[in-house]
Amino acid sequence: MFDFTVRAKSGFWVLQDVECGELGAYETRDEALAAASDWMRLIEQPWPVLVCDADGEWHETMVEPTVAH
């Protein structure tokens, strides 16, 4: 099950949640995945994120939660 997806859309990378919809648009894929990492901090465990590149190809990646200092 994937709660989060990152999709290339209209020149941006959009972070989406199944329940909440779009959580933000970012300039790069890495920025969108970093934002997903911030959300992972709330559940305190790595979580799979589905990524759709601009060419329509889907990839799965694991995102680690951001470390709180």
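I started with the secondary structure and counted one helix and five strands in the protein. This is a predicted model, so to keep in mind.

Reading from the N terminus on, I get the order β-β-β-α-β-β.

Next I looked up how the strands pair. I found strand S1, residues 4-9, running parallel to strand S4, residues 47-52, with four bridges joining them.

Then I followed S4 to its other pairing. S4 and strand S5, residues 58-63, go antiparallel, and I count six bridges there. Trp47 has Val63 in S5 as its bridge partner.

On to overall dimensions. I compared the radius of gyration with the globule rule: a compact globule of 69 residues would come out near 11 Å, and the protein has 11 Å, so the two agree. Along the principal axes, I have the C-alpha atoms filling a box of roughly 35 × 25 × 20 Å.

I looked at burial and contacts too. Buried residues are 29% of the 69 in the protein. Taking contacts between residues at least 6 apart in sequence, I see 37% joining residues at least 24 apart.

Last, the surface and the charges. I noted an accessible surface of about 4,600 Å², with 53% of it belonging to carbon and sulfur atoms. I have 4 positive and 14 negative charges, and their mean positions lie 4 Å apart.

Methods: Residues numbered from 1 in each chain as written. Predicted model: local features only at pLDDT ≥ 70, side-chain atom pairs only at ≥ 80, totals over all residues. Heavy atoms only, no water. Helix = DSSP H or I, 4+ residues; strand = E, 2+ residues; numbered from the N terminus. Rg over C-alpha atoms; globule rule 2.2 N^0.38 Å. Buried < 20%, exposed > 50% of the residue type's maximum accessible area, 1.4 Å probe, protein only. Contact = heavy atoms within 4.5 Å. Areas by Shrake-Rupley, 256 points an atom, 1.4 Å probe, with all protein chains shown as cover. Lys, Arg positive; Asp, Glu negative; His and termini not counted. Charge placed at Lys NZ, Arg CZ, Asp CG, Glu CD. Pairing = 2+ DSSP bridges.
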